[in-house]
Amino acid sequence: MTTFTIQDDFMLDGQPVKLISGALHYFRIVPEYWQDRLEKLKNMGCNCVETYIPWNYHEPKKGQFDFSGRKDVARFVREAQALGLWVILRPTPYICAEWEFGGLPAWLLADDSMRVRSTYQPYLDAVDAYYAELFKVIRPLFFTHGGSVLMCQIENEYGSFGNDKQYLKAIKRLMEKHGCDVPMFTSDGGWREVLDAGTLLNEGVLPTANFGSRTDEQIGALRQFMSDNDIQGPLMCMEFWIGWFNNWGSPLKTRDAKEAAGELDAMLRQGSVNIYMFHGGTNPEFYNGCSYHNGMDPQITSYDYAAPLTEWGTEAEKYAAFREVIAKYNPITPVPLSTPITFKSYGELRCENQVSLFNTLSSLAKPIETDIPQPMEKLGQGYGYILYRAHVGKARELAKAKLADCDDRAQVFVNQKLIATQYKETMGSNIPLTLDHPTDNVIDILVENLGRINYGASLVSPHQRKGIKGGFMLDLHFHTGWQQYCLELDNVDQVDFTGDYQEGVPAFYQFTVDIEEPADTFLNLNGWGKGAAFLNGENLGRFWELGPTHYLYIPAPLLKKGKNTIVLFETEGRTGTVSLDDQPLIDQPQEA
């Protein structure tokens with residue numbers, strides 16, 4: 001049986017080994033392509049693969065666990081092992097990863113007192129229940145049980161959030177309780193303050209550092225920290241950032257391949273590395289994360305990350321540059337690629353059916369009635385949209401109305417006519433209303449969860465609870481009496497296209513395409529405003545006219561021979577062309 005220990009070096013079967021790993025998130029790739037991406041990782045020279053495990057992906061509703069299909073992490077690890085790759089797992093409750101709420105489940109926020117990443121007992125109880133299920137799946141994959149998993153992380157960049165050592169110990173004890181018997185590590189930024197705060201000394205937990213530049217300086221800081229604290233172990237950059245994530249409305253970020261390869265060489269001269277990302281993939285469904293830059297700043301659907309493999313799995317410029325560097329440290333024996341992948345254009349699609357949201361609302365959700373509008377989490381909803389409806393009586397002019405404490409993006413309608421759209425710059429500002437129906441004026445407020453913040457102090461911000469949290473004010477008083485429609489849009493097959501279509505309001509649009517041979521393609525959405533797209537009922541992710549991307553990547557396994565149905569939910573009342581092309585529609589990139 002394999003042995004793996006952490007001494008002055010990583011010791012594998014009694015011999016020192018330099019781990020050259022690449023980050024590859026199974027949850028951002030269709031399972032049919034896991035093997036292809038892993039083969040390409042091996043062919044670049046890596047001997048190891050790293051992945052996070054996002055809690056909210058596997059327990060989207062409290063007590064409802066799913067480790068099947070796209071969520072079958074055990075299959076992913078076994079495929080890596082079959083290729084001779086070692087595995088680093090990061091099953092921490094919090095992952096960051098530009099993923100919704102950093103991987104934490106939205107249902108935690110139904111507890112008004114919830115404090116994540118702390119010793120708050122209901123939080124630890126929730127982690128305990130999750131680990132009870134998770135470790136049944138991953139424990140057999142550890143090298144101690146004949147698998148290929150060498151190490152597990154206990155927390156992620158905790159030094160950039162807190163310094164509660166009792167919390168770190170609690171997570172470690174929970175992992176041990178549920179069967180973690182492989183070496184553990186932490187990862188933090190490469191400077192003293194966060195290393196002091198986020199590491200767990202005298203517990204046999206290896207500290208590692210995350211950075212992507214100034215390698216000699218930052219790995220030197222880790223070396224000094226370990227020396228000062230008499231910590232035995234090799235130096236490792238657990239996240240060697242070779243690109244960056246992207247936000248809506250900002251230029252696409254890139255990074256020079258030669259410069260990044262030089263930093264990689266500097267790191268490999270001194271220790272082990274995990275390249276973040278080797279292949280980024282796609283943020284599926286509504287799982288994109290969100291930054292906070294003077295307001296909510298959601299990340300785009302693509303998680304390309306300027307990685308050696310593009311979002312759609314082809315070799316980018318960094319691939320060859322990194323392979324040349326890695327070959328100096330690890331002999332490369334290529335394996336043949338086993339998954340045929342082709343790209344194809346299927347042409348422009350014609351809209352066959354359309355219906356406004358208001359005229360199919362009852363087919364998608366049943367209203368929940370409360371006096372005071374409730375946030376998503378209180379209604380058992382995690383993601384997507386929520387529509388608040390109120391009947392406000394007779395005709396009159398109101399000089400002002402106002403949303404109080406609402407996140408993230410709201411559209412206000414009077415009698416199904418758009419009156420205002422508010423986002424971070426204008427949320428909560430006064431809205432004049434003309435109520436023009438003689439007896440029964442209806443206000444609808446469509447609120448979108450753009451993605452919960454995944455990093456930093458705002459992780460515990462009130463902005464994390466989505467929807468209306470304060471109320472809606474008419475003049476100076478809060479209006480009471482609301483119907484709430486939870487629209488997670490996991491049931492677009494129930495959209496009733498026999499209803500009427502209205503221009504200028506949120507609506508659903510249906511397209512079909514007959515396919516003889518499925519191939520990879522790009523759903524290009526030139527001219528459309530904002531929304532989400534669904535292929536055969538599966539949520540492909542969000543689109544937004546702000547760019548920098550105007551496409552959604554469709555891997556061939558999501559298509560089927562014969563008739564395929566695409567549904568767009570568009571919220572701005574804007575329409576454009578829809579085409580399936582062999583190239584993506586992207587704005588001009590800019591170097592990071």
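The crossing of helices α4 and α5 is right-handed. The structure under discussion is a predicted model. Three cavities of 30 Å³ or more are present in the structure, and the largest cavity has a volume of about 150 Å³.

**Packing of α4 and α5**

- Helix α4 spans residues 121-138 and helix α5 spans residues 165-177; the two pack at an angle of about 30°, with their axes 9 Å apart.
- Angles under 35 degrees count as roughly parallel, and α4 and α5 are therefore roughly parallel to each other.
- On the α4 side, the contact is formed by Tyr-123, Leu-124, Val-127, Asp-128, Tyr-131 and Phe-135.
- These α4 residues meet Tyr-167, Ala-170, Ile-171, Leu-174, Met-175 and Lys-177 in α5.
- By class, the contact of α4 with α5 comprises ten nonpolar and two charged residues, with no polar ones.

**The largest cavity**

- The lining of the largest cavity consists of 17 residues.
- Nearest the centre of the largest cavity lie Arg-28, Val-30, Arg-70, Thr-282 and Pro-555.
- Strand β30, residues 538-544, gives the most to this lining, contributing three residues.
- In the lining of the largest cavity, eight residues are nonpolar, four are polar and five are charged.

Key: Residues are numbered from 1 along each chain as its sequence is written. This is a predicted model: local features need pLDDT of at least 70, side-chain atom pairs count only at pLDDT 80 or more; totals for chains, interfaces and linings use all residues. Side-chain values use heavy atoms; hydrogens and water are left out. On a 1 Å grid over the protein atoms alone, a cavity is a set of points where a 1.4 Å probe fits but cannot get out, and a pocket is an open set with protein on both sides within 12 Å along at least five of seven lines; lining residues have an atom within 4 Å of a point. Grid points are joined across faces, edges and corners, and a volume is the space filled by probe spheres set on the points. Helices (H or I, at least four residues) and strands (E, at least two) are DSSP runs, numbered from the N terminus. Ala, Val, Leu, Ile, Met, Phe, Trp, Tyr, Cys and Pro count as nonpolar, Asp, Glu, Lys and Arg as charged, and the others, Gly among them, as polar. Axes are lines fitted to C-alpha atoms, for helices over the stretch in contact, and angles run from 0 to 180 degrees between N-to-C directions. Angles under 35 degrees count as roughly parallel, over 145 as roughly antiparallel, 65 to 115 as roughly perpendicular and the rest as oblique. A crossing is left-handed if the near helix is turned anticlockwise from the far one by less than a right angle, and right-handed if clockwise. Contact means heavy atoms within 4.5 Å.
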